[in-house]
Amino acid sequence: MPAVLGVSAHYHDAAAALVIDGKLVAAQQEERLSRVKNDPSLPMNAIEACLTLGEIRSTDLDRVVFYENPYRKLERVMVSALRGFPRGTAFFRRALRSQLGDKLWVLDDLAAHLGVPRKRMHFVDHHESHAASALFCAPFGDVPHSSIAALTVDGVGEEETTAIWRLEDGRPRRLASIAYPHSLGLFYAAVTAYCGFRVNEGEFKVMGLAAFGEPRYRDAFDHFLQVEGGAFTLDRAAFADHLDGARAFGRPFVEALGEPRTPAQKWNYRGQRIQGEDARFADVARSAQDALEDALLTLAEHARALTGATHLVLAGGVALNSCANARLLREGPFERVFVQPAAGDAGGALGAALLGAQDEGDALALGEPFCADLGVPIRPATAAAIADALGLRTTAVVDPNETLAARIAGGDVIALARGRCEFGPRALGHRSLLARADDEALRDRINARIKKREPFRPFAPAMLESTAPALLRDAPNDMTPYMTTVCRVRDRSPLQGTTHVDGTARAQTVQSGPLAPLLRCMESHGLHSVLNTSLNGPGEPLAATEADAIDVLIRHKPDGLLIDDLLIERPNR
Amino acid sequence: MQPNAGDAEEVSLRARLADVFYTWSWRLPGRRWRRLFAFAAAEAESALELRYAAARTESPERAALYLRHAEDEARHARILLHWARQARGQSLPDLPRAHAQLFRHLGENVFLAFVHRGERRGRRQFEAHVRFFSKRDPRLAAALRSILADEVQHERYTGELAEHECRKQARRFDVLHRYRRAGAALTYPLFAGLMALLYVLASPLSLLLGRAPRGWQAARRSTGGD
């Protein structure tokens, strides 16, 4: 019974994944347990959780696989710092501190923490981990391996930023790659920082902001990001990731686009429009988003030419750009496109574990639908005890789905925690905040009062797959169950609270899982969808445990929290 | 916990010393916003520690106490950030988001004793700050007083829960913790200087590197290993 642990750490969004007998039994992001958003530290809490869920001890592990090559990474960082001489002094110092402080010794640290012999510690390449996470989790069971290509697009791994893969003898084989410093991830990070958002966290916000803008700065971005011969290059003078990772953009950005936005300033947003000086940032976001999408389409065409494949899987942080994924499916050369929900660095742990299992001789079950509920479970009895101690009102409800449907139909915002926590950034119904999808005022209330986030950010609707054709112009596809793409909404669909200003929605189509019975109950209330957003507050990771879920209830004040059949409410509500 | 007479004398001596120190330190240029920001960072870190503890404790009653405590700490961080922003007159850097996972490393009982020590220290500091600002900036003093009231309550409940025999361990850890932080702060300039020197010495290697490759590169073998 080979047991293999995959680990990603020390950049952002650390995670662990456990494969036993070729089957993925658990995957957990560290942030959900440490409560530090995008926590990069060695994921000991996540590892413990995975071992508990797999019912094994660390000494039972046959192999532990780290998701990137720490030695090649150190080499790339040093080379990059030297290329930046003499401006890279601060970068050199910071890089050496982190590389020599933690990153270089990660296999030894893991061995020591786990009490596992060092010889069981292994690593694989960063982009190979991403490729494996996409190829091995794709629902393409009926498709020959030769018809599936993978495109990994990231900030940077060891030295690669982009790579094309296909499966050969059941193993990902790299066909071509683009090296640092030319990186679509770093390109988007620079735009994120320019618009006043935190790098590696605010990229979703740029994507949402883009819908409000016009591509007025497209010429500038065509200069910063040049696409030619099926590949792309960055104008390095415009980027500063090698000098300051948090700022990421250089002087040419400011000369071409104007002064950057001050972080955390209030947005000038009224009547579904971004106004005043902020409109310029919407235009910048739109121009950058268009440039990114065009570059991705070019890469996809190159991947198609190189592999002859008809199916594409994507991974890496850039693959979480759901608008780009929709355009790839709509306009790209592939019949089907799939992005698993943990496509970022957390998913690297998943890929590393699956590659390690292969090395242990396990036959992986490929082609099955990917189940994202791989994290820690929630315990209603514990939640009830904590709620009682806090003086909250608890009720055991007879028909939880009907109760939930009625409350949502009545205009309440209800937190739902059921089963095991999702792996990846999207709440898919296991740790969700739910509300009516057809109410714009409710959307604004959730943005302002509960999520306390930028007013322009959209919410996603969840709907039964059978209902989707009546609500959406685009048919459900391989990505819609995981919210890794967007769909165009039909005119007059009752999705006013979840349709973005450009007429799209990041729709989740549901066949089974925790939202399916709820959505069936909602039909009897005349509602065909539900607003589904993550169960957390601003700057916080998704709630994982009972205490986290109750913490959201008491601090961010949704109208109730349903954990299985236990309804918890604030007493003074 | 009621302080005995000896404690009271000690506190009073501490308080006098603290008043002298803070009278000097608050007056340094740029000190006010930095200090308030540092307090906010400490409160935010504490909130994370307590949420982490709430999710890990086996006791629902303690989970509830930790959650309430975390809520207070998060509110304090917001109040202090507001005043730091006012003092600076412009936006502030992001608060650092990390904590030491003390619950995991120390175990619940020592964790509680450690938190109790921190709360007691915090209460003493805030008493001194309230005294300092009560005439100089009554609005800030009022804000700090509201935090002080919570600190007193936190000190009391953690004191009631912390087992006496764990306090020595907590004190040892506290001393070690402070020693490490001070050590890191003191040695960092040395490290930075050495790294700057190393960077200059290694700089001729940059001439050998050539330009970064552009466009698609041919496949290379994976480098997995151990």
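This is a predicted model: local features need pLDDT of at least 70, side-chain atom pairs count only at pLDDT 80 or more; totals for chains, interfaces and linings use all residues.
**Entry 1. Helix 7 of chain A**

I began with helix 7 of chain A, residues 184–194. How many of its residues are buried? I counted 11 of the 11, so the helix is largely enclosed by the rest of the structure. Among the buried residues are A:Leu184, A:Phe187, A:Tyr188, A:Val191 and A:Tyr194. A:Gly185 and A:Thr192 are also on that list.

Next I looked at the two ends. At the start of the helix, a side-chain oxygen of A:Ser183 comes within 3.2 Å of the backbone nitrogen of A:Gly185. Just after the helix, A:Gly196 has a positive phi of about 90 degrees.

I then stepped back into the loop between strand 8 (171–179) and helix 7, where A:Pro181 lies. The peptide bond from A:Tyr180 to A:Pro181 is cis there, with omega near 15 degrees.

**Entry 2. Another cis bond**

I noted a cis peptide bond from A:Phe85 to A:Pro86 as well. Its omega is near 0 degrees. A:Pro86 sits in the loop between helix 3 (70–83) and helix 4 (89–101) of chain A.

**Entry 3. Positive phi outside glycine**

A:Glu55 is not a glycine, yet its phi is positive, at about 55 degrees. I placed A:Glu55 in the loop between helix 2 (44–54) and strand 4 of chain A. Is A:Glu55 buried or exposed? Its relative accessibility is 72%, so A:Glu55 counts as exposed.

A:Arg492 also has a positive phi, near 65 degrees. This residue lies in the loop between strand 21 (487–488) and strand 22 (504–505) of chain A. A:Arg492 counts as exposed because its relative accessibility is 83%.

**Entry 4. Salt bridges**

A:Arg63 pairs with A:Glu360, with the closest N and O atoms 2.9 Å apart. This pair links distant parts of the chain, 297 residues apart. A:Arg63 is in strand 4 (residues 63–66), while A:Glu360 is in the loop between helix 13 (345–359) and strand 15 (373–377). A:Arg63 is buried, at 14% relative accessible area. A:Glu360 is partly exposed, at 29%.

A:Glu168 forms a salt bridge with A:Arg166, and here the closest N and O atoms are 3.3 Å apart. A:Glu168 is partly exposed at 27% relative accessibility. A:Arg166 is partly exposed at 22%.

B:Arg68 counts as partly exposed, at 35% relative accessibility.

I also saw a network in which salt bridges share partners. It joins A:Arg218, A:Asp222, A:Glu293, A:Asp294, A:Arg327 and A:Glu331.

**Entry 5. A buried glutamate in chain B**

B:Glu43 belongs to helix 2 (residues 31–56) of chain B. This glutamate is buried and has no salt bridge. Which side chain of opposite charge is nearest to B:Glu43? It is B:Arg75, 8.9 Å away. I did find a polar contact of 3.0 Å between the side chains of B:Glu43 and B:His76. Leaving out residues up to four places away in sequence, B:Glu43 also touches B:Glu73, B:Ala77, B:Leu80, B:Phe126 and B:Glu151.

**Entry 6. A:Thr509**

A:Thr509 lies in strand 23 (residues 508–510) of chain A. With 4% relative accessibility, A:Thr509 counts as buried. Its side chain makes a polar contact of 2.9 Å with the side chain of A:Thr480. Beyond its neighbours within four places in sequence, A:Thr509 has contacts including A:Met463, A:Glu465, A:Ala468, A:Pro476 and A:Pro481. I also checked A:Val143, which is 366 residues from A:Thr509 in sequence. The two are 22 Å apart, C-alpha to C-alpha.

**Entry 7. A nonpolar patch in chain B**

B:Leu190, B:Leu194, B:Leu197 and B:Leu201 make a nonpolar patch of about 430 Å². B:Leu194 is in helix 7 (residues 166–202) of chain B. At 48% relative accessibility, B:Leu194 counts as partly exposed.

Notes: Residues are numbered from 1 along each chain as its sequence is written. Chains are lettered from A and ligands numbered from 1 in the order in which they are written. Side-chain values use heavy atoms; hydrogens and water are left out. Patches are made of residues with over 30% relative accessible area and no salt bridge: like charges are joined within 9 Å, nonpolar side chains (Val, Leu, Ile, Met, Phe, Trp, Tyr) within 5 Å. Accessible areas come from the Shrake-Rupley method with a 1.4 Å probe; for residues, only the protein chains shown count as cover. A salt bridge is a side-chain nitrogen of Lys or Arg within 4 Å of a carboxyl oxygen of Asp or Glu. Helices (H or I, at least four residues) and strands (E, at least two) are DSSP runs, numbered from the N terminus. Buried means under 20% relative accessible area, exposed over 50%, partly exposed in between (1.4 Å probe, protein chains only). A polar contact is a pair of N or O atoms within 3.5 Å; within protein, one must be able to donate a hydrogen and the other to accept it, and residues adjacent in sequence count only if both atoms are side-chain atoms. Lys and Arg count as positive and Asp and Glu as negative; His and the chain ends are not counted. Contact means heavy atoms within 4.5 Å.
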